[in-house]
Amino acid sequence: MYLIVGLGNPGKKYEWTRHNIGFIILDKFASKNNLHFKKKENYHYVEGSIGSSTFFLVKPTTYMNLSGIAVSEFLSKNNINLENMLIIVDDVNLELGKIRLRKSGSDGGHNGLKSIIYHLESNQFPRLRFGIGNKFGEGELADYVLSKFSAEELSYINNSLEFSVELIEYFIQGGYKLMSDFFSRTNAQRKN
């Protein structure tokens with residue numbers, strides 16, 4: 001059983017904002033697989049399967065800085081190992097559309113990850129970091145991450161969004177190792 005958590009903020013106001021890249025990617029994955037989210041108090045979720053692997057997609061609705069509340073609540077109701085949980089998160093330290101995978105590690109200054117690590121008392125879970133760029137001045141970080149992608153930017157990152165959906169498929173079929181192997185192989189080809 002696998003769990004993929006996309007981080008973001010709930011509500012129309014935050015749709016298509018940089019901070020909501022986790023929601024955007026999960027919505028693309030759900031749409032591709034004809035899955036429809038159900039609402040719970042602290043998250044939206046859907047269950048599905050690929051081959052013999054069952055998975056859940058979860059979008060916390062507790063707002064970014066309290067993401068850990070929803071994730072810990074979901075995990076307490078479902079017996080899923082942390083190594084089988086993938087967190088999808090935006091990253092201002094990566095150029096727009098660049099993807100980085102990590103098997104575990106620190107929050108990297110991201111409040112959503114910080115909340116999850118705090119509530120789970122562990123940082124031993126995989127994450128997919130999606131670059132949203134950092135074209136903002138001093139003191140403008142909050143406004144930047146809550147700003148919407150332009151049409152031009154969405155067009156630019158479309159291939160990376162599709163690639164992220166593929167990475168999720170590989171994670172569901174074989175965990176971090178299979179996803180990471182596919183990422184390394186495909187990323188090398190994408191650069192040529």
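## Strand β1 and its partners

β1 and β5 pair in the parallel sense, with 4 bridges between them; two strands count as paired if DSSP finds at least two bridges between them. Helices (H or I, at least four residues) and strands (E, at least two) are DSSP runs, numbered from the N terminus. Within this pairing, leucine 3 has methionine 85 of β5 as its bridge partner.

β1 also runs parallel to β4, joined by 4 bridges. Here isoleucine 4 sits opposite leucine 57 of β4.

## About the model

This is a predicted model, where local features need pLDDT of at least 70 and side-chain atom pairs count only at pLDDT 80 or more, while totals for chains, interfaces and linings use all residues. Residues are numbered from 1 along each chain as its sequence is written, and side-chain values use heavy atoms, leaving out hydrogens and water.

## Which way β1 points

Are the residues of β1 buried or exposed? Buried means under 20% relative accessible area, exposed over 50%, and partly exposed in between (1.4 Å probe, protein chains only). By that rule, 5 of the 5 residues in β1 are buried. Tyr2, Ile4 and Gly6 point one way, while Leu3 and Val5 point the other way.

## The whole sheet

Zoom out and you get an open sheet of 7 strands, in the order β2-β3-β4-β1-β5-β7-β6, with mixed pairing. At the edges are β2 (38-39) and β6 (99-102), each pairing on one side only.

Strand β5 (residues 85-91) runs parallel to β7 (residues 127-131), and 5 bridges join them.
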